[in-house]
Every structure is written in C-alpha cells, then in structure tokens.
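Open your viewer and have the selection tool ready. We will take a short walk together, one stop at a time.

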Amino acid sequence: MDESASVAAGGGVRTPVHLWIVGVLALLWNAMGAFDYLATQLELDFYMSQFTEAQLAYFYGFPSWAVAGWAFGVWGAVAGSVGLLLRRKWSVWAFEVSLAGMAVSWVYTLGMSNGAEFMGSGGMIFSAVIWVVAIFLVVYAWKQAANGVLR
C-alpha cells in the first residue's frame, strides 16, 4: 500500500482525496464522450450541423461493428468513472473494456477508412488526448485496486 491509501479507523482503507478528484473529472470527461456518441447516433441536428456533408456521410456510414466498438469505448469509460466514485474494483475491467472498444473503433477509423482525413490534424490530436486519458484511467484504477482503495 502506498502513502496515498491510509488505513481508516475501522481497519479499512481510507479513500484518498485524489480518487474523488480523478473520479469526478473522469465522469465529466467521459460524459462529454457519451453525449457525442448519443448526439451522433440520434443524428441531433443542433449538434451534427457543425459537420460538413462529407463528414456526416462518413459518421453515418460507420459499419455496425465499429459503432459497437465506439459504444463499448464510451459506455465502458462512463461505467469505469462511476465505479471509481463507488470505489469498486470492477471499474478496472470497465476501463479495460473501454480501451478494447476504442481499439476496435480505431481499426476502422485508421485502418479501414480515411477517418484521419475527415478528422484533420486537430481531430487526430484530440483523439491522442482521449487515448492518453483512457490509458491513464486504466492504470489509475488498477493501482487503486492494488492499494485496496477499490473493493
């Protein structure tokens, strides 16, 4: 156990303040991803009107397996964030499911389509940030589980 996970008076592990900070920020961050997913799948005009016709055709043309990967990526991350806040070990596998879903979606985006072209350099940089955050959350949850903070 590291210094960030101290023992509470009742013998359990006290919740470190950083868990609440990371958990809340993770939930807010992943809620944005969930909104993006829902707005795209529901084709909400107020949101989708920011994209060109070519981009819309690309988004709406995703094969169902790529959409499923995207869904697992988004909803796994939301579940993992909630799991952190509930101090549950299953948040580790939820974040792992999220990474796997992202990987499936990226097979299509980068390997089987011209997704990088539609996203542009800004979109690719933002996607890299998403990957960094997702990997951080898996590692963070794993460490908190190993420290006994997640039960």
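**Charges and overall layout**

Start by selecting the charged side chains: the 6 positive and 8 negative charges of the protein chain have mean positions 27 Å apart. Here Lys and Arg count as positive and Asp and Glu as negative, while His and the chain ends are not counted; each charge is placed at NZ of Lys, CZ of Arg, CG of Asp or CD of Glu. This is a predicted model, where local features need pLDDT of at least 70 and side-chain atom pairs count only at pLDDT 80 or more, while totals for chains, interfaces and linings use all residues. Residues are numbered from 1 along each chain as its sequence is written, and side-chain values use heavy atoms, leaving out hydrogens and water.

Now switch to cartoon view: the protein chain has 6 helices and 0 strands (DSSP runs, H or I of at least four residues for helices and E of at least two for strands, numbered from the N terminus).

**Aromatic stops**

Next, select Phe35 and Tyr47, an edge-to-face aromatic pair with 5.2 Å centre to centre and 85 degrees between the planes. Rings of Phe, Tyr and Trp (its six-membered ring) pair if their centres lie within 6.5 Å; planes under 30 degrees apart are stacked, over 60 edge-to-face and the rest tilted. Phe35 sits in helix 1 (residues 17-41) and Tyr47 in helix 2 (residues 45-48).

Is Tyr47 buried or exposed? Tyr47 is buried, at 18% relative accessibility (buried is under 20% relative accessible area, exposed over 50%, partly exposed in between, with a 1.4 Å probe and protein chains only).

Finally, select Tyr37 and Trp75, edge-to-face at 6.2 Å centre to centre and 90 degrees between the planes. Tyr37 lies in helix 1 and Trp75 in helix 4 (residues 64-85), so this pair ties together parts 38 residues apart in sequence.
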